[in-house]
Amino acid sequence: MGKQIPISVSFDLPDGTPVTIETGKLATLAAGSVVVRIGETMLFAVVSSSKEPREGQSFFPLSVDYQEKFAAAGRIPGNFFRREARLSEHEILVSRLVDRAVRPLFPKGYMNDTQIIINLMSSEPEVLPDAYAALAGSAALAVSNLPFDGPISEVRVARINGKFIINPMKSDLANADLDIIVAATMENVMMVEGEMDECQEADLLEAIKVGHEAIKVQCEAQLKLKELVGEKAVIVPFVPAEEDAELKERINAFAKDKIYAVAKGALDKKKRKEGLEKVKEELKAHLTEAESEEWIDERWGECKEYLYYHQKNIIREMVLEEGVRLDGRKTDQVRPIWTEIDYLPATHGSAIFNRGETQALATLTLGSKTDKMMVDTAQELTFSNFILHYNFPGYSVGEVKPMRGPGRREVGHANLAGRSIKKVMPDEFPYTIRIVSDILESNGSSSMATVCAGTLALQDAGVPIKAPVSGVAMGMIADGERIAILTDILGDEDALGDMDFKVTGTKNGICACQMDIKVDGLPYEILAKALDQARDGRIHILDEMAKTIEDAREDFKPHAPRIVELKIDKSFIGAVIGPGGRIIQELQATTGTVINIEEVDDMGIVQISSNDKASIDAALEAINAITFTPQVGDVYDAKVATIQPYGVFVDFKGGKSGLLHVSEFAWERVEKVEDFFKEGDDVKVKLIGVDEKTGKLKLSRRALLEKPEGYVERPPRRGGDRRGGGRNDRRGGGRNDRRGGGRNDRRD
């Protein structure tokens, strides 16, 4: 078989950057495959789907895996095996961005195992590939024959120097005060996720609009590519199951009033679940009596689907028509909140945030630079001094779940909460911070509870954050012109609603957001209303948190580590470290501290950490002694080390020594040095000069004494002593000294 002839289309980003989508060259046996190219950056996407649905499956079995090949950036993985292994958190987050955008566009009831694989195959440093992953995945679906109601695409929208930029370069993104990913079809926005520096609601809305306009161009390119490809031989058939209208109505007639009574009862999660479970059991008994055991065995799965359909519609109608929610709240009402700090006395910071039946326990640990987290991606190796982990154990929802490490959902929730809190961290803070949020109870909005609990833990620990952050999850139920926007949604409301919109921020503005829209044609006016309602809920929650603690504690806990940071001249770094690290290792061993040194901007940054202040002080004193540089004009406490006929050599701070010449002893004439000083005497001296050639220090005691009234300066004593002492002086006087002055001395 000869070389395949590829088919391609191209379009330009708003800044003129060309983007090409090509198919027909790689992986031609898959259902669909494309290569997206931006300059030297290339993403390869392929989709596959099984021919038959999975038996007994109740939700669409879609998996999206985005992986960056390290060879793409000319790097070898830094792990033990030196190969790409399980997906990193960064890759999981990009996979979730694609999954959340494409999943809703597959038909209800499609249960064929489907896989989308997206690989970064070639990478240039300035291009951020995550903004093109969904474009690649959607284009691969577009040229396949899978039942996908697309295309979609995603773009990054960043506001840089007041201007919105689509898919900016990596170096430019460092100056952005708003950074979001927007996913959309030609007609509708599907998803928004990102962070911002306390931006206003109108700014976020404008950014979404700008992103959607750019996405329309990318969707048109995919439609053109699909047209060029034409029909393909690989076909995955999908025939929707026929609906039994008569059975569906029978179930509605039996269960409607029972479901409504449970929904209107303002019950807690456990009792509501028990009530709805009882309705299901009664329905099964009723149908078994009316039909037969065999009939139930064959059709009970179908019956449960109809029952859930009616349950969802009854609850939605109650909210739209009566403005009453499952727990009795109004649409804009936040559940009752209680908070507590310092719950765990041995931690560096801890807090409980409880909102309704959602409870998060946050713990905070302060560490040094050695505790930074290494982030190894294909494009770069970096270290982070802020870590947030989110755990969602099965018992939080009353279930049994194996403890197998964090899943994709937990990684996503941790990322959203971490991005939110990181926006208010102090600019200069020498610690590494790890926050762990354990969800102990969950009935919706646990990621937002993590934001609140994490903020309280930071305040409890004494971390000087810029402002407290809170988060609220918004929902929406829409039916034609009737729309209800829900503040602080329950888990059940998330499942039956048309939007899940999480917003975090301070009282000044939004820090992060995550939005998934499940309904077509959501007007921007409704989105603006949801943002305004979210702001009210966010501020209400901040006020409740402030009842426990308004500002961070003035100091850390007594048992928390202390870190002192000092800057030294770059030339002293080697002296502090010592040969083979001997000096710094001895310092750490003798003082019980952890010492880190790194070069930043031609300066040495030294961090000393310990739980004991005395240990830090001891390490500081030792390092200051090593790095001490005497300054002319400074005064020091010194000790006489050796005595010479022309003066004394004294030792002072930092192991430094210098000559205190006899002429600088006092204002009066000193005939004999031994009559004035003896070895071991303490003396206060002032540095009056440094020899430019030799670096020798010239000291004076006289300069610290008051000049006698009527004092007349006498001519200098004869001899070479006036020069401050030569090399031989330190040895007790050179050959010329013993002769009463050398040749040069006599010329004086």
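At what angle do helix α13 and helix α14 pack, and how far apart are their axes? The first view answers this for a predicted model.

**View 1. Helices α13 and α14 pack against each other.** Helix α13 covers residues 582-591, and helix α14 covers residues 613-627. They pack at an angle of about 155 degrees, with their axes 9 Å apart. Angles over 145 degrees count as roughly antiparallel, and α13 and α14 are therefore roughly antiparallel to each other. Their crossing is right-handed. From α13, the contact uses I583, L587 and T591. From α14, it uses S615, A618, A619, A622, I623 and I626. By class, seven residues of this contact are nonpolar, two are polar and none is charged.

**View 2. Helices α5 and α6 form another crossing pair.** Two packed helices are described by the angle between their axes and the distance between the axes. Here α5 spans residues 245-263 and α6 spans residues 269-290. Their axes come within 10 Å and cross at roughly 160 degrees. That makes α5 roughly antiparallel to α6. The crossing is right-handed. On the α5 side, the contact residues are R250, I251, F254, A255, K258, I259 and V262. They meet R272, G275, L276, V279, E282, L283, H286, L287 and A290 of α6. This contact has ten nonpolar, two polar and four charged residues.

**View 3. The largest nonpolar core holds 94 residues.** In soluble globular proteins, nonpolar side chains tend to be buried together. Which residues have the most contacts inside this core? They are I180, I433 and F501. Helix α9, residues 446-461, gives the most to the core, with nine residues. A second core is separate and has 49 residues. Among its members are F11, I118, A133 and V143.

**View 4. I180 and the residues it touches.** Leaving out residues up to four places away in sequence, I180 touches V155, R156 and V157 among others. Its contacts also include V192, E193, G194, E195 and M196. L204, A207 and I208 are touched by I180 as well.

**View 5. D197 sits in strand β10.** This strand runs over residues 189-199. Is D197 buried or partly exposed? Its relative accessible area is 41%, so D197 is partly exposed. D197 touches A176, D177, K423 and I510, not counting residues up to four places away in sequence. D197 and N508 are 311 residues apart in sequence. In space, their C-alpha atoms are 9.6 Å apart.

**View 6. A cis peptide bond joins G150 and P151.** Most residues other than glycine have a negative phi, and most peptide bonds are trans. At this bond, omega is about 5 degrees. P151 is found in the loop between α2 (133-142) and β7 (153-160).

**View 7. A27 has a positive phi.** The value is about 50 degrees, although A27 is not a glycine. A27 lies in the loop between β2 (18-23) and β3 (32-38). With 35% relative accessibility, A27 counts as partly exposed.

**View 8. S445 also has a positive phi.** Its phi is near 65 degrees, and S445 is a residue other than glycine. Where does S445 lie? S445 is in the loop between β17 (432-441) and α9. Residues under 20% relative accessible area count as buried. At 9% relative accessibility, S445 therefore counts as buried.

Conventions:
Residues are numbered from 1 along each chain as its sequence is written. This is a predicted model: local features need pLDDT of at least 70, side-chain atom pairs count only at pLDDT 80 or more; totals for chains, interfaces and linings use all residues. Side-chain values use heavy atoms; hydrogens and water are left out. A nonpolar core is a set of buried Ala, Val, Leu, Ile, Met, Phe, Trp, Tyr and Cys residues joined through side-chain atoms within 4.5 Å. Buried means under 20% relative accessible area, exposed over 50%, partly exposed in between (1.4 Å probe, protein chains only). Helices (H or I, at least four residues) and strands (E, at least two) are DSSP runs, numbered from the N terminus. Contact means heavy atoms within 4.5 Å. Axes are lines fitted to C-alpha atoms, for helices over the stretch in contact, and angles run from 0 to 180 degrees between N-to-C directions. Angles under 35 degrees count as roughly parallel, over 145 as roughly antiparallel, 65 to 115 as roughly perpendicular and the rest as oblique. A crossing is left-handed if the near helix is turned anticlockwise from the far one by less than a right angle, and right-handed if clockwise. Ala, Val, Leu, Ile, Met, Phe, Trp, Tyr, Cys and Pro count as nonpolar, Asp, Glu, Lys and Arg as charged, and the others, Gly among them, as polar.
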